[in-house]
Amino acid sequence: MSNRGKVAAAGVAAAIVLFWAVGFWAGLLVLIGVPAAAYLLLDDSQRRRVRGMGRKRLGR
């Protein structure tokens with residue numbers, strides 16, 4: 001299994017545990033809020049780099 005697959009599987013497992021432990025809406029808020037906050041903490045050049053990587057994967 002690739003590293004991305006392992007990360008995805010761990011994310012699904014964490015989501016299931018989180019939903020069970022704190023409830024659906026609080027778990028959803030954490031699952032969406034943490035990556036959004038991490039993106040907002042990036043420097044402008046780092047954000048540009050992240051956006052550029054996404055475009056390359058889409059074939060643009």
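Tutor: Before we look, note that pLDDT is the predictor's confidence in each residue, from 0 to 100. This is a predicted model, in which local features need pLDDT of at least 70 and side-chain atom pairs count only at pLDDT 80 or more, while totals for chains use all residues. Residues are numbered from 1 along each chain as its sequence is written, and side-chain values use heavy atoms, with hydrogens and water left out.

Student: Where is confidence lowest, and where is it highest?

Tutor: Helix α3 (residues 44-58) is lowest with a mean of 78, whereas helix α2 (residues 24-40) is highest at 87; helices here are DSSP runs of H or I with at least four residues, and strands are E runs of at least two, numbered from the N terminus. Across the protein the average is 83, and 88% of the residues score at least 70.

Student: How many helices and strands are there?

Tutor: The protein has three helices and zero strands, giving the pattern α-α-α along the sequence.

Student: What about α1, how far does it reach?

Tutor: Helix α1 (residues 3-22) spans 28 Å from its first C-alpha to its last, close to the expected 28 Å, where the expectation is 1.5 Å times one less than the number of residues. After α1 comes Gly-23, with a positive phi near 105°.

Student: New topic: is Arg-47 buried or exposed?

Tutor: Arg-47, which sits in helix α3, is buried, meaning under 20% relative accessible area with a 1.4 Å probe and protein chains only, where exposed is over 50% and partly exposed lies in between.

Student: Which side chain of opposite charge is nearest to Arg-47?

Tutor: That is Asp-44, 4.2 Å away, and Arg-47 has no salt bridge, which needs a side-chain nitrogen of Lys or Arg within 4 Å of a carboxyl oxygen of Asp or Glu. A polar atom of the Arg-47 side chain does lie 2.5 Å from the backbone oxygen of Leu-40.

Conventions
Lys, Arg positive; Asp, Glu negative; His and termini not counted. Polar contact = N/O pair within 3.5 Å; in protein donor to acceptor, adjacent residues only side chain to side chain.
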